[in-house]
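I opened this entry to get my bearings in a structure that is new to me. My notes follow in the order in which I looked things up.

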Amino acid sequence: MEAIKSYLENMFLHLPKTAEVMRAKEELAQMMEDKYSQLRSEGRTDNEAVGQVISEFGNLEELAETLGIPQEVRDLEADTKDIALSDAEVERYLQVSKETGKRIALGVGLILLGVANLIFLNALAERGYVAEKIAQAAGVGGLLLMIALAVYIFIMAGVKSGKYENLETTIVKIDPYLHDRIVQMKEDYRPDFARRIAGGVGLILLSVVALVTVAILEVGGEFAVMLLVCVLLLAIGSAVGLFISAGSEMEAYDKLLNEGDYTKQHKAENSFAGKISGPYWLLAVVIYLTWSFITNDWGSTWIVWPIAGVLFALISAVSSLITKR
Amino acid sequence: MISSDVIRGYTDTIILSLLRNEPGYGYEISRQISEITNQKYVMRETTLYSAFNRLEQNGYLRSFYGTESNGKRRTYYEITQEGKAYLTEKLDEWELTKEIIGKIIR
């Protein structure tokens, strides 16, 4: 019986929810249910009854004419670009999505680690623990190495997930059982998703507040501020990991279900923190290094990082709200 | 099996004819058709619902909710005066069709 309901749900998935359409759906459900009960009472197995009811159902095009929605249905039927995915392909896609998220998070983490290292070495030099020239050479060299590594990781992640790029622009067709299962997985994932986003935003804000407090109160001097900037960068690194892993999993469900940013209308144009975070942090590094080398004022250019951090938290929070609708 | 092209023009007449004496609900009509024809013709759910919808819009049928013994709500369809007049017209047309086609093709 559940299978029949799923079948009907799936049939009506893309139709406008007008009163007429809803009534048709209700009536059809009633007829199918009656037929199913009748077949069962005649001794048919569940499978046989479901099979017969579904095979004798008919087609939507016929209904559309009387419901005043021929255009939508014709669109649906004509969409030969739609892709059908099997159970195994869906599993694999979810797997790859999670991995891609982890890789991008790792890349961003490396870049931020490189920046933290640079600022830390500068702070040490400031205190006279290390020669300034050596600190800068090691710091900038380390950062560039990290960036090279991160870019390599971004590219490899792109290659792996590139196979599934068409899921972003085409409507996915999966069978009703699987559709229900993914809906369930998405529901189960929702609280975890909210926790990760909130955790990430909290982490960034907390370290920014600590940094600003110390900077304003001038406790511990510039050295303490520099150390807190390093802490902030590590916090941002963890937060980015949370945002991206949370976002890419949710995004994968939405793509499979054609929901959120990935409804029929929106499949063509969308964006998310996970996609921009690589370029975003690279850009931040470019701004930071350019500014630092031009002014040679390493003592104040770190201000780029709290600003970039708060901005990123804001973008992530807003875009996750939009994804959640 | 019978070609659905041939029968399509008679969907409305079939339904009105089955509802001529008393109101009925969707599956009831569909079951009657299968039983009377010995499963040689099974009307699809979408065909049946489209016809109900069309006949109601034309004023040939009226629908109302009835409650089943198990407490469930069910939509019943009842033929109207206009529906009866239309059915008579269609039955005459069918007699004429049978006569003419029967004379031509043998």
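This is a predicted model: local features need pLDDT of at least 70, side-chain atom pairs count only at pLDDT 80 or more; totals for chains, interfaces and linings use all residues.

**Loop in chain B**

I looked up B:Gln39 and found it in the loop between α3 and α4 of chain B. B:Gln39 has a positive phi of about 65°, although it is not a glycine. I checked the general rule: most residues other than glycine have a negative phi. Is B:Gln39 buried or exposed? I counted 10 other C-beta atoms within 10 Å, so B:Gln39 is exposed; 12 or fewer is the cut-off for that class.

I then looked at B:Asn38. B:Asn38 sits in the loop between α3 (26-36) and α4 (45-57) of chain B. B:Asn38 is not a glycine either, yet its phi is positive, about 60°. With 7 other C-beta atoms within 10 Å, B:Asn38 is exposed.

**Chain B as a whole**

I listed five helices and three strands in chain B. Read from the N terminus, the order is α-α-β-α-α-β-β-α. Chain B has 106 residues, and 24% of them count as buried. I looked at contacts in chain B with a separation of 6 or more: 46% of them involve residues 24 or more positions apart.

**Two helices of chain B**

Next I took helix α2 (residues 11-18) and helix α5 (residues 81-104) of chain B. Their axes come within 10 Å and cross at roughly 120°.

I wrote down who makes the contact. From α2(B) come B:Thr13, B:Leu16 and B:Ser17. From α5(B) come B:Gly83, B:Tyr86, B:Leu87, B:Lys90 and B:Trp94. I sorted these residues into four nonpolar, three polar and one charged.

**Chain A as a whole**

I moved to chain A and found twelve helices and two strands. From the N terminus, I read α-α-α-α-α-β-α-α-β-α-α-α-α-α. Of its 325 residues, 35% count as buried. I also looked at contacts in chain A between residues at least 6 apart in sequence; 80% of them join residues at least 24 apart.

**Helix α6 of chain A**

How far should helix α6 (residues 87-127) of chain A span? Its 41 residues, at 1.5 Å a residue, should give 60 Å. I found the end C-alpha atoms 60 Å apart, which agrees. After α6(A) comes A:Gly128, with a positive phi near 85°.

**A:Tyr7**

I found A:Tyr7 in helix α1 (residues 2-12) of chain A. A:Tyr7 has 18 other C-beta atoms within 10 Å and is therefore partly exposed. A:Tyr7 and A:Ile54 are 47 residues apart in sequence, but their C-alpha atoms are 7.8 Å apart in space.

**Where the chains meet**

Last, I looked at the contact between the chains. Chain A gives 17 residues and chain B gives 16 residues. On the side of chain A that touches chain B, α2 (19-41) and α4 (60-67) each supply at least two residues. Which element gives the most to this side? I found that α2(A) does, with nine residues. The residues of this side divide into six nonpolar, five polar and six charged.

Note on methods. Residues are numbered from 1 along each chain as its sequence is written. Chains are lettered from A and ligands numbered from 1 in the order in which they are written. Axes are lines fitted to C-alpha atoms, for helices over the stretch in contact, and angles run from 0 to 180 degrees between N-to-C directions. Helices (H or I, at least four residues) and strands (E, at least two) are DSSP runs, numbered from the N terminus. Two residues are in contact if their C-beta atoms, placed from the backbone, lie within 7 Å. Ala, Val, Leu, Ile, Met, Phe, Trp, Tyr, Cys and Pro count as nonpolar, Asp, Glu, Lys and Arg as charged, and the others, Gly among them, as polar. The expected span of a helix is 1.5 Å times one less than its number of residues. A residue is buried if 20 or more other C-beta atoms lie within 10 Å of its own, exposed if 12 or fewer, and partly exposed in between; C-beta atoms are placed from the backbone.
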